[in-house]
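Reader: I would like a close look at one part of this model, namely its salt bridges and the places in the chain that they connect. Please take the pairs one after another and describe the surroundings of each partner.

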Amino acid sequence: MNIVPEILALHADMRRWRRQLHQYPEVAFEETATGRLIAEQLRKVGIEVHLGMAKTGVIGILRRGSSNNSIALRADMDALFIQEQNRFEYASRNGGKMHACGHDGHCAMLLGAAHYLANHGRFEGTVYFIFQPAEECRAGAHQMISEGLFEQFPAQRVFGMHNFPDVPVGHFAVKAGPMMASFDCFEINLSGQATHAAMPHLGNDVLVVAAHLVTQLQTIVSRQIDPAEAAVVSVTQIHGGNTWNALPDSAIVRGTFRSFKNSVRVQLEQSISHLSQSVAQGFRINADIRFNPENPGYPVTINTPDETTSAIRAATAVAGKDCVNTAPIPSMGAEDFAFMLQEKAGCYIWIGNGNSAGNCLLHNPNYDFNDEILPLGAAYWVKLVENELAG
């Protein structure tokens with residue numbers, strides 16, 4: 001790996017920041033202490049700081065020379081509602097909340113890059129450091145954009161990075177086109193007639209309907225979507241009933257659907273709606289379907305060709321050609337960075353977090369970010385800036 005000594009010297013600082021963030025995780029739009037740490041570290045090296053966008057977002061601005069060229073680098077800040085099972089010293093102290101996706105590491109790597117660029121960076125133009133809240137299901141990127149992110153901070157291009165388990169340490173993966181799937185939620189409210197559990201014929205059993213609906217929803221991908229297209233429908237919640245001997249009058253079925261094409265995304269929504277109504281009518285109950293009740297739905301994360309070339313160039317300079325996978329299989333996971341890519345040309349890259357053995361997978365209560373990759377991620381950001389804003 002080609003990492004300059006000054007970035008390697010920041011490793012201990014990045015580790016300390018990362019572990020502090022891990023120990024005190026904050027969820028969507030509540031990242032106040034996280035934001036304070038980030039703002040403090042940006043100001044420490046003379047970077048201009050702007051606060052308050054999307055409630056807790058932090059934007060840093062670093063300018064060099066007179067060039068009008070500009071670039072934005074984005075890291076996500078929020079944690080998840082997961083009870084951590086790790087027992088190491090810096091495990092979460094905020095009950096039921098955990099950095100189970102590595103956003104703590106993303107912030108630390110971007111802070112490391114900001115420190116280096118402020119003190120040693122060789123570039124001409126403006127770098128915008130975007131620390132974004134609420135990536136997990138709450139579309140913080142969409143909120144920042146709606147509040148004027150790119151009008152107030154007019155970057156020409158935008159870049160993002162996410163750690164990825166089972167991509168080896170020291171490696172990157174990136175490609176042009178779809179990198180991450182779209183993400184939409186559905187909520188189906190079933191309502192019928194409650195009755196005694198001993199007399200089901202006097203009511204409408206919404207729990208039986210929910211069970212039928214779960215299995216029927218799985219036929220959408222297998223029987224309605226072109227087999228050449230990628231899609232997935234997952235039921236993730238069923239809520240209904242509160243006692244042993246009564247059939248409830250309502251139940252809720254919730255889940256998600258994902259794809260790599262907008263046409264497939266639309267087809268999935270239409271099929272879920274039609275099938276839900278049909279199954280409910282077959283049992284003489286009502287079904288009320290809502291899509292994306294808590295967020296606008298995430299579009300497909302699509303990397304633009306020129307910016308992907310730039311990302312590959314920077315990653316190759318840092319990690320070496322053999323350590324950059326330029327044809328990874330896109331992930332059915334989703335990213336609200338996709339909203340930024342709808343506004344600006346850009347690229348989203350994966351950095352290897354190493355082996356996922358021992359349940360060290362994203363969104364797992366045993367997950368932990370690999371501190372050994374902190375200098376590599378910071379070095380990638382620095383090389384990207386210095387390449388793209390060369391004097």
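**Salt bridges across the chain**

Author: In this predicted model, the count of salt bridges comes to 16. One of them joins Asp371 to Arg18, with 2.8 Å between the closest N and O atoms. This pair links distant parts of the chain, since Asp371 sits in the loop between strand 17 (345–354) and helix 12 (374–388), while Arg18 belongs to helix 2 (residues 11–23), 353 residues apart. Asp371 has a relative accessible area of 5% and is therefore buried, the limit being under 20%, and Arg18, at 0% relative accessibility, counts as buried too.

Glu30 and Lys97 form another salt bridge, their closest N and O atoms lying 3.4 Å apart. Here the link runs from the loop between helix 2 and helix 3 (32–44), which holds Glu30, to the loop between strand 3 (70–76) and helix 4, which holds Lys97, and the two are 67 residues apart. Glu30 is partly exposed at 39% relative accessibility, and Lys97 is partly exposed with a relative accessible area of 23%.

A further salt bridge connects Asp336 with Arg74, where the closest N and O atoms are 2.9 Å apart. Because Asp336 lies in the loop between strand 16 (331–334) and helix 11 (337–343) and Arg74 lies in strand 3, the pair ties together parts that are 262 residues apart in sequence. Both Asp336 and Arg74 are buried. Finally, through shared partners, salt bridges join Arg18, Arg19, Asp104, Asp368 and Asp371 into one network.

Key: Residues are numbered from 1 along each chain as its sequence is written. This is a predicted model: local features need pLDDT of at least 70, side-chain atom pairs count only at pLDDT 80 or more; totals for chains, interfaces and linings use all residues. Side-chain values use heavy atoms; hydrogens and water are left out. A salt bridge is a side-chain nitrogen of Lys or Arg within 4 Å of a carboxyl oxygen of Asp or Glu. Helices (H or I, at least four residues) and strands (E, at least two) are DSSP runs, numbered from the N terminus. Buried means under 20% relative accessible area, exposed over 50%, partly exposed in between (1.4 Å probe, protein chains only).
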